[in-house]
Amino acid sequence: MLKWLLSLLAGGLRSSNAPPHLPSRPLPTRRIALVVGHNPRAQGAVRVTDGRTEYDWCGALAEQVAALEPGRYVVIRRTPGAGEIARAYAEVDASGATASVELHFNSFSTPSATGTETLISGSAASRRLATLVQAEMVAALGLRDRGLKQTAPKQGGHAALNAGRPPAILIEPYFGSNRADCEAADRSLPALAAGIHRACLAYL
Ligand SMILES: [Zn+2]
């Protein structure tokens with residue numbers, strides 16, 4: 001009888017110590033900031049196949065990556081007006097993210113321009129993250145590997161890559177100006193999101 005009472009008590013204590021509504025695992029502490037390129041008022045390049053903009057398409061890709069592991073990513077959207085880049089990367093800094101990935105797609109006047117590239121700041125950490133992400137994007141999309149590109153001051157992407165404290169990269173998975181590139185991106189979207197996620201985890 002006493003034994004039964006004690007076990008009943010212990011059981012009651014145990015269940016009150018672990019309420020079922022609490023998450024079983026704590027949220028990750030090392031996080032990646034996903035910065036969506038451009039802003040709602042100036043949405044960047046437009047895809048030749050369906051008119052979707054960088055801001056729209058890259059926003060959807062960022063949400064897909066973030067959904068793969070709740071708490072691992074913070075999605076940051078740039079806002080229009082002076083100081084756009086500085087504001088976005090102040091948010092990156094405030095988020096405590098370990099690194100940042102800014103999302104774009106490429107565009108060129110020659111419709112045959114094709115392939116996948118990643119812009120880097122030039123720091124060793126930026127290069128390491130970019131190497132991992134570039135390999136996964138090339139594997140997912142099967143497009144030409146255009147490699148890593150280090151930006152010079154005043155070049156596109158340079159400000160974004162050097163505005164925040166954590167190591168930064170800027171991805172251009174494909175050319176929105178190339179019909180076959182757009183089709184590859186649509187066909188391989190889940191693989192692209194999963195590949196970016198895998199690369200980020202490998203970096204962390
Ligand atoms: Zn862009």
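The buried residues of α7 pack against β1 (32-36), α2 (54-67), β3 (99-103), α4 (124-141) and α6 (179-187), where packing rests on contacts, that is, pairs of residues whose C-beta atoms, placed from the backbone, lie within 7 Å. The model is predicted: local features need pLDDT of at least 70, side-chain atom pairs count only at pLDDT 80 or more, and totals for chains, interfaces and linings use all residues. Residues are numbered from 1 along each chain as its sequence is written. The buried set of α7 comprises L192, A193, G195, I196, H197, A199, C200 and Y203. A residue is termed buried if 20 or more other C-beta atoms lie within 10 Å of its own, exposed if 12 or fewer, and partly exposed in between.

Overall, the protein has seven helices and six strands, taken as DSSP runs (helices H or I, at least four residues; strands E, at least two) numbered from the N terminus. Their order along the sequence is α-β-α-β-α-β-β-α-β-α-β-α-α. Of the 204 residues, 40% are buried. Among contacts between residues at least 6 apart in sequence, 76% join residues at least 24 apart.

H38, in the loop between β1 and α2, has a phi of about 70 degrees and is buried, with 22 other C-beta atoms within 10 Å. K154, in the loop between β5 (145-150) and α5 (158-163), has a phi of about 75 degrees but is exposed, with 7 other C-beta atoms within 10 Å. Most residues other than glycine have a negative phi.

Methods. Contact = placed C-beta atoms within 7 Å.
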